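I set out to record what I looked up in this structure. The entries follow in the order in which I made them.

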Amino acid sequence: RRNSVKVTAPEVEPDSGICIVNKKSGTIHSADCESLPALSNQVVFSTVEEAEDAGYHKLCGYCILEKE
C-alpha cells in the first residue's frame, strides 16, 4: 500500500506581488490566478520584474494584464 501525500500551494495574499511562472510555457501569473499550472510546473518569484529578469516575459492574459 502506498502512502500518498497531498501537496498544496502556500497561502499567498492576492496583492503580495508574488508571481508564479509556468516552467513549460514561460507564462507569468499572479499568485491568485485561476489558471495556475500544476505545482510541479511552477517557479515562484517575488515580483514580475524578478521573473522578467530571469528571462520570462509572457504575461498571463487572465490575471496580470487585467490589473494593469
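Which residue in β4 does T27 stand opposite? I found that T27 stands opposite K58 in β4.

Before going further, I noted that this is a predicted model, in which local features need pLDDT of at least 70, side-chain atom pairs count only at pLDDT 80 or more, and totals for chains, interfaces and linings use all residues. Residues are numbered from 1 along each chain as its sequence is written, and side-chain values use heavy atoms, with hydrogens and water left out.

**Elements.** I looked up the secondary structure and found 2 helices and 4 strands. Their order from the N terminus is β-β-β-α-β-α. Helices (H or I, at least four residues) and strands (E, at least two) are DSSP runs, numbered from the N terminus.

**Strand β2.** I then turned to β2, residues 27–30. T27 and H29 point one way from this strand, I28 and S30 the other way, and all are buried; buried means under 20% relative accessible area (1.4 Å probe, protein chains only).

**Pairing.** Strands pair if DSSP finds at least two bridges between them. I recorded 3 bridges between β1 (residues 19–22) and β2, which run antiparallel; C19 stands opposite S30 there. The hairpin of β1 and β2 has 4 residues between the strands, and G26 takes a positive phi near 80° in it. Strand β4 (residues 58–59) runs parallel to β2, with 2 bridges.

**Whole protein.** I noted that buried residues make up 29% of the 68 residues. For contacts (heavy atoms within 4.5 Å), residues 24 or more positions apart account for 50% of those with a separation of 6 or more.

Notes. Buried means under 20% relative accessible area, exposed over 50%, partly exposed in between (1.4 Å probe, protein chains only).
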